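Take a moment with the model below.

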Amino acid sequence: MSQPTGACPHAWRHQQQHRGRMWATSRAFRRQLVLLRSLLPSPPSPPPYSFPSVAGRFFAPSCSSPSSTPSGSIRASHAMAGSAVYEADAEAVVRRITPPLDRSRHKGQAGKIAVIGGCREYTGAPYFAAISALKVGADLSHVFCTKDAATVIKSYSPELIVHPILEESYSDCVSNIMKHARQANIPTVVDGDGLFLITNNLGLVEGNPFAILTPNVYEYKRLVQKVLNCDVNEETAAEQLTLLCQKIGGVTIMRKGKADVISDGKTVTQVSTFGSPRRCGGQGDILSGSVAVFTSWARHFIMSNEEPKEKRVNPMTLGCIAGSLLLRKAASLAFEKSKRSTVTTDIIEFLGKSLEDICPAEH
Ligand SMILES: NC(=O)C1=CN([C@@H]2O[C@H](COP(=O)(O)OP(=O)(O)OC[C@H]3O[C@@H](n4cnc5c(N)ncnc54)[C@H](O)[C@@H]3O)[C@@H](O)[C@H]2O)[C@@H](O)CC1
Ligand SMILES: Nc1ncnc2c1ncn2[C@@H]1O[C@H](COP(=O)(O)OP(=O)(O)OP(=O)(O)O)[C@@H](O)[C@H]1O
Ligand SMILES: [Mg+2]
């Protein structure tokens, strides 16, 4: 194991490139990074990117997208030049995969979610993900965290089932959970520190069609650098995303940003419905909890519809589309109400109304 050499940001960057895998994934190292990052100026924003849209099944040309090009012809030629990017008809996706509230069902049939995360510093992120899963419609939401975090998370909400079973350095444990989930074909959404773990140990998700990675701008940059050995290129963004999925082998990736862009290595889809101009922390956590629920519903929907295998849409893609739209709708409603003071808790409160507006519950 190597140690970071002092608090100089340059030394840290150098150190980052040469760190040992175990040290890189250790919580102590992450703590030091947080401290060091706070000494650095914020990195410049990446240039804005926009994706063209073409029509297709579940997907439709976008009319309201603030990021889409105004000219249809530019869109079409751009689409022909490389990977076509479809603007999802996300409302149709939500409507189709959300199961009816069937009185004959029992607890658990609408979904059971396990969130693995939560430690001394971060208790908000696992809470946001787990409570969002419940608010979207899962029946049970478990959080597996460290002892330090358990009482705190429990005190946020009695709805959550909290298990204080993780050790402070829990990378090995999480790796095992991911391996078991894969053997059992259980969809796994990998976000936040999980992305840090898999970027340094790609074998954990390689070839897993049930893995969904949800990187933000920095997490995506790190993945591209590690897997493709180059920097993010906005001019070939769709091709690069497709290649990234293919290189990792069968995973689905949702690249979060102004538009959430989703690929499974075959198609590229985006959701660009405007949400909110507030960029408060925690919105990605809402997204990961929502995507987990919608993916589970999408699998049931696809399996019960008996379509020939070659015609089936990837349920991981549908889950990402639905989760993205719901978060964006809820963020928009929360911003209408709370404006500059909008925080993640306000957005969570609007998940129910957002789903109800698209897909009313029947009595
Ligand atoms: N309330 C909570 O408890 C929350 C906890 N969160 C957790 O916070 C942790 C960190 O999440 P983030 O999304 O902020 O992590 P990131 O690693 O994406 O970024 C952390 C910060 O470091 C800076 N940074 C990243 N890479 C850098 C680089 N190469 N050079 C210079 N600066 C760089 C960025 O400015 C960023 O704001 C995760 O464990 C996440 O789950 C977040 O989900 C937000 C909410
Ligand atoms: N530039 C942007 N414009 C509009 N919406 C955005 C933009 N960036 C992110 N979002 C919205 O916020 C959601 C979460 O993305 P974000 O990049 O904040 O994730 P994150 O950093 O992982 O969040 P968290 O703070 O929970 O860790 C996206 O799905 C999208 O809806
Ligand atoms: Mg995040």
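Helices (H or I, at least four residues) and strands (E, at least two) are DSSP runs, numbered from the N terminus. Helix H12 is followed by Glu306, whose phi is positive, near 50°. This is a predicted model, in which local features need pLDDT of at least 70, side-chain atom pairs count only at pLDDT 80 or more, and totals for chains, interfaces and linings use all residues. Residues are numbered from 1 along each chain as its sequence is written, chains are lettered from A and ligands numbered from 1 in the order in which they are written, and side-chain values use heavy atoms, with hydrogens and water left out.

Stay with H12. It covers residues 283-304, 22 residues in total, and reaches 32 Å from its first C-alpha to its last. That is close to the 32 Å expected at 1.5 Å a residue; the expected span is 1.5 Å times one less than the number of residues. Is H12 mostly covered or mostly open? It is mostly covered, with 16 of its 22 residues buried. Buried means under 20% relative accessible area, exposed means over 50%, and partly exposed lies in between (1.4 Å probe, protein chains only).

Now turn to ligand 2. It is surrounded by 14 residues, and the closest are Asn216, Lys256, Asp260, Gly282 and Gly284. A residue counts as near if one of its heavy atoms lies within 4 Å. By type, the shell holds 2 nonpolar, 6 polar and 6 charged residues. Here Ala, Val, Leu, Ile, Met, Phe, Trp, Tyr, Cys and Pro count as nonpolar, Asp, Glu, Lys and Arg as charged, and the others, Gly among them, as polar. H12 gives the most to this shell, with 4 residues.

Which atoms touch the ligand's oxygens? A polar side-chain atom of Asn216 lies 2.9 Å from one oxygen atom of ligand 2. A polar backbone atom of Gly284 is also 2.9 Å from an oxygen atom of the ligand. For Asp285, a backbone N or O atom lies 3.0 Å from a ligand oxygen. A polar contact is a pair of N or O atoms within 3.5 Å; within protein, one must be able to donate a hydrogen and the other to accept it, and residues adjacent in sequence count only if both atoms are side-chain atoms.

Lys256 also takes part in a salt bridge. Its side chain meets that of Asp191 at 3.2 Å, N to O. Asp191 lies in the loop between strand E5 (188-190) and helix H9 (193-199), and Lys256 in the loop between strand E7 (252-255) and strand E8 (260-263), so the pair ties together parts that are 65 residues apart in sequence. Asp191 is buried at 17% relative accessible area, and Lys256 is buried at 14%. A salt bridge is a side-chain nitrogen of Lys or Arg within 4 Å of a carboxyl oxygen of Asp or Glu. The whole structure has 8 of them.

Another joins Glu349 and Lys135, at 3.6 Å, N to O. Glu349 sits in helix H14 (residues 344-349) and Lys135 in helix H6 (residues 124-136), 214 residues apart. Lys135 is partly exposed, at 37% relative accessibility.

Finish in strand E8, where Ser263 is found. Its relative accessible area is 0%, so Ser263 counts as buried. A polar atom of its side chain lies 3.0 Å from the backbone nitrogen of Gly265. The backbone oxygen of Thr267 lies 3.0 Å from a polar atom of the Ser263 side chain.
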